[in-house]
Structure formats: C-alpha cells, structure tokens
Amino acid sequence: SVGASQIVDASITSGKLASGVLPTNTPSFEARLSGNQSVNHNTFTKVQAGDEILDTDTAYDNSSNYRFTPQVAGKYFVYGSVRGFAGGSDPDGVRIIALAFYKNGSQVRDYNGFDSDPNEMRHMEVTAGTIIELNGSSDYLELYGKVYAENTSNSGVEFNGNQTYFGAYKLIGV
C-alpha cells in the first residue's frame, strides 16, 4: 500500500494542482487588421491591428495605441506579419516589403521581407519573430510595416487585412 508521503507515478495530474502552480505563457495576445489599412509609400507605419484574437491579460490596446504593455517582467516571443498591396492603375507596384518591432517607441528589430527588383508584384508579405525582454511595468511593443511601391503616384498602397497580424507571449523557464 502507498503511504501518505509517497506518490504513485502518474497519479498527480495537472487538474489536481492548485491554480497558479504551473507556469503559463501569459500574458499573451494576438491581433490582426480588421480591414485594409492605407499607408504612405516607403514609410514605416504603425500597424493598427484592432481585431483581437487573444488577449489573456487585457495587455493589448486594440483601439487607440495598438500596443502590447504586459505588466509581467520577462522575455517574450514576439511575432508579426505584414502583407502589402499596391493597387490603383498599376496593380503590380510593390517592390519591397518590411516590418519592424518597436519597443517604447524605438525600433529594436527590422526585417526586409523581399526586394523583387527589377520586377514588382501585386502583394508581398514578410513574417518575423524574435525574443524581446520587457520590464513588466512600463515597456510596450508595437508593430510597424513599410511598403515600397515602384509607382509612388499609386494611391492604393495598403497593408492587407487578415494577413497582417501581431502577437506575443511570455516565455516560461528562461
């Protein structure tokens, strides 16, 4: 027979543990554009991801600042994707697409997705992820994107809706 101080293998399941005993990947969030966002040619512009998919701790502002401000210190895996489009009379106008992560208003990481020189494309997308440390009190993160349209008179430079998204989650065990 098993004594009170002995544990039988596989007899303790996560459901039997008190809340908060196991670490979690929170705070976490993911948001995407709810529609296309008009942007200026060749200018880093903040992605206004207002359609929340997940926001475990109400740490993402999806209505005005479009930023993630977790109140828990740690290292966070941050990811994003920006899909650019140049429409108008020249539907094949995108030559370069880029994204950048900003921490406290300053760029900390940027990624060029693709430079199709000498040709242009109708749509281009860049996706990236990185680890960024946050202090848990005032640090915040934002996603910016840039579309370089070959025909700068093109008035249809945009970030595409559902394909442009931003997210982050706290890493455990680091």
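1. Let me start with Gln-37, which is buried at a relative accessible area of 8% (buried means under 20%, exposed over 50% and partly exposed in between, with a 1.4 Å probe and protein chains only). Gln-37 belongs to strand β2, residues 37-38 (strands are DSSP runs of E with at least two residues, numbered from the N terminus).

2. A word on provenance: this is a predicted model, where local features need pLDDT of at least 70, side-chain atom pairs count only at pLDDT 80 or more, and totals for chains, interfaces and linings use all residues. Residues are numbered from 1 along each chain as its sequence is written, and side-chain values use heavy atoms, with hydrogens and water left out.

3. Back to Gln-37: a polar atom of its side chain lies 2.9 Å from the backbone nitrogen of Gln-48. Leaving aside residues up to four places away in sequence, Gln-37 touches Thr-45, Lys-46, Val-47, Gln-48, Val-157, Glu-158 and Phe-159 (contact means heavy atoms within 4.5 Å).

4. Strand β3 (residues 45-46) pairs with β9 in the antiparallel sense over two bridges (strands pair if DSSP finds at least two bridges between them). β6 and β9 also run antiparallel, joined by nine bridges; Ile-96 has Tyr-148 of β9 as its bridge partner. Seven of the nine residues in β9 are buried, leaving the strand mostly covered.

5. Now the aromatics: searching the whole structure turns up nine aromatic pairs (rings of Phe, Tyr and Trp, the last by its six-membered ring, pair if their centres lie within 6.5 Å; planes under 30 degrees apart count as stacked, over 60 as edge-to-face and the rest as tilted). One of them is Phe-68 with Tyr-76, edge-to-face at 5.7 Å centre to centre and 75° between the planes. Phe-68 counts as buried because its relative accessibility is 0%, and Tyr-76 is buried at 0% too.

6. What about Tyr-102 and Tyr-144? Their ring centres are 3.9 Å apart with the planes at 25°, so this pair is stacked. The pair links distant parts of the chain, 42 residues apart: Tyr-102 is in strand β6 (residues 94-103) and Tyr-144 in strand β9 (residues 141-149). Both Tyr-102 and Tyr-144 are buried.

7. Phe-29, Tyr-60, Phe-68, Tyr-76 and Phe-166 form one aromatic cluster. Separately, the charged end of Arg-67 sits over the ring of Tyr-140, 3.7 Å from its centre (the test is NZ of Lys or CZ of Arg within 6 Å of the ring centre and within 35 degrees of the ring normal).

Methods
Helix = DSSP H or I, 4+ residues; strand = E, 2+ residues; numbered from the N terminus. Polar contact = N/O pair within 3.5 Å; in protein donor to acceptor, adjacent residues only side chain to side chain.
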